[in-house]
Amino acid sequence: MFQDAPVPVMSLCDLCLSRVCWSLEQLCDSRADGSLRLRRAPSLPTETADQLLHKMTVEGLLNDRTVAIFRDGKAFRLRRAFIRGGPVSPGAFRLALCPHRLQELDASRLAEGHASGAEVLAALLTNPELTSSLQMLSLAGLQLGWDPLGPDGGPSVRAAGPSVRTVGGFSSLRALRTLNLADTGLTDAALEEVCSLPLLESLDLSRGAVTSLAPLLGCRATLRSLTAHGLHGLRRLPVVMPAAPGVPSVLIRLSQLRHLDLSDDRFAADDVPCDSSEVDEVVQRLLEGAPDEEGAPDEEGLILPALVSLDVSGRKAVTERVVRAFVKARPSLVFLGLLATGGSACEVLTSRENLKVTGDANETQVCEALRRYKERECFLHEALVLLYNLTVDLSTPRQDLLQLVLAGMRSHPSSLQVQLVASACVFSLTTQDLAEAMAPRLLAAAVDQLLLSMQSFPSHAQVQKNCILALCSDYILLEISFNRYLATKLVMTWLSSHDDPTLQKMAVAIISVLVAKLSTEETTQLGTDVSIIRQLLGVVQQRASLGVVDNTLRFALSALWNLTDGSPAAGRHFVQCQGLELYVEVLESYCSEPSVQQKVLGLLNNLAEVEELQGDLMEEDLLDYVLSVLGDPRVGVEVRYFAGGFLAQLSSRPKAWTLRQELLETIHQQLHLTVMTWSPAEKEMVSYRCFTPFLPLLRTSQPAGVQLWAAWALHLVCSHNAPHYSPMLQQEGVVLLLEALALHPGTHADVQALARLTLHLVGARQQAQMTPPGPPHKECSLGPSGD
């Protein structure tokens, strides 16, 4: 229930629950307080209700408004409530969840600024039935206050101070068997209260503030599992207090323990404080089987004979010799934690099939560490470093490893050391062809985590580099679903402050591909940011000044082409940033480079479609040059096509024409002559999202050359993808204009013939009732078909 790692394939149940979660607004009405209530609420099985709450939490949809659907006790009967990390207030928690007879509650690490641990506990105590039913409670990572209990044994209220804090109250939860209080600052007094619970079997007091473990003796008859990771405050008792039970004496007398975790998170420090020496002593006695002064081993000579799971990761004193002796003496052992101890290479560890080990000796041990330690930053980082070294030259797709890495990234989104190594692991696991063999949903989750890392650490060069390297994959950028707008913004932000040539090339390539996949609204929004246009123009100028023709130049040109497509604001920014002057230079300097010329002329097409920018384009030298490109038979159609579009747009509005009339007539004549020489293209040179810019060109009053270019363009796309474009032509009124041209007596015969051919393609498609969608296409007026 509590596993939140992504899986390659979602079950039908998961799909249905996810659909319900994302449709709550449509399925619910609002109460007076704004919270949601299902309109039609069938009585769901308890297990299904639990799964729905869990799904809402992991999908990030749980909040005060949505959790309110569980106020309906007839439709929902919760038993296992999972709200880990959710932004839920004390009031919403009490109203929605506390009326249920919960058996398990995971309220770990609730979002900061919402319900505290003390408030969760106080709310639980308002329902007497719940206090007698709750068997598992996790408040890890929450603030509990730890004030003393009130005179009635319930939570008291601190009168002084600006805030009210409830405390304790654990003694009222008499049915508790499992309690997780890791990272709550557990105190000695609170531990005393917790250990009075009559049924307590499992306790996690990791990283608490306790100085003594003596209270544990109060539950030694029931305690089966003790997790005491990173207890730095334990004090060594002085010699003058021989009667007081020390750490070794306490732990070794917990004879019913089956799991014991004494791992230490200070393994990376050069000098470990002496307060860990007593725990080290326990570890040595356990591993060596030495008896304690106050408690002898069982008849077989073992201390804690029921122990089947021991974690001593981070304890540097562990050696292979004592590990070998410990494992051989305990045939029932199922887990041994040895990460960062130096003892995990012992050969006996591989001879036991049912024994799970965390360590650094092999991949199996490293994977086990990633699974078990995803909540422990120090161990997770260590395991990720080991994994990266194992996967640098990976040639086989490993979805299982990627899932483990992502789980760790989700658990520590604000940890620089985790995100740094994890992002490098994501790159090594998805590089080259490895990504194509992985489930798209898993890759989408990976990209989401990379983007989150980029947002969290915008100034850390290596994190940004790792993420850019991982994103620079055609398969991921084109086939995987993720927030491409956010990705574009983040990569652009990085590009604006770095000039590493290799990474610049990757960043510009990513931007070029992403921009082509954005919606019209997203492209328009990006185009309003003048800094993006200026930055990309800077890349073009830099590469052009070197006289090189490389992918960096091509990608930057493509990105600008797409950004200005259908976005007048982007076009204005382009002109304001002296982009037009730069492009004229590029057009002339790269006259023998079709790929460059195509992209430059494609952007000029976009500018020419914006009426207010046409005045800036009325430069006779520019038009003469483009006219020469249009009429040059040595230039490919893929370049001359865009030269014709640019000239057709500028020459279609006679009232706005400010140059020589002879030039205007020459353009019209050359358009007609050139288009008639073009053979049908073998491939789709361009894709369109809308045909609005074509409407003025298809009017019956336009010169034949302008009409002919537009008709040829429509015939081009329809001949390659009529099922996709035919509905667009109908909906946008293009078909009506083509019909008018075909029937108008003043239409040139060449235009009429091309209009009828296009109408035939559209009509054939309608008659056959072909409805399959076309392939993914760039949604814009004019844009590149490649790159």
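Reader: With contact meaning heavy atoms within 4.5 Å, which residues does Ser89 touch once its neighbours within four places in sequence are left aside?
Author: This is a predicted model, in which local features need pLDDT of at least 70, side-chain atom pairs count only at pLDDT 80 or more, and totals for chains, interfaces and linings use all residues. Residues are numbered from 1 along each chain as its sequence is written, while side-chain values use heavy atoms, with hydrogens and water left out. Ser89 lies in the loop between strand S3 (80-82) and helix H4 (90-96), these being DSSP runs (helices H or I, at least four residues; strands E, at least two) numbered from the N terminus. Beyond those sequence neighbours, its contacts are Asp64, His114 and Ala115.

Reader: How far in space is Ser89 from Val120, C-alpha to C-alpha?
Author: Along the sequence, 31 residues separate Ser89 from Val120. Their C-alpha atoms, however, are separated in space by 9.2 Å.

Reader: Is Ser89 buried or exposed?
Author: The relative accessible area of Ser89 is 18%. Since buried means under 20% and exposed over 50%, with partly exposed in between (1.4 Å probe, protein chains only), Ser89 counts as buried.

Reader: What span should helix H14 have at 1.5 Å a residue?
Author: Helix H14 covers residues 416-430, which makes 15 residues. The expected span is 1.5 Å times one less than the number of residues.

Key. Contact means heavy atoms within 4.5 Å.
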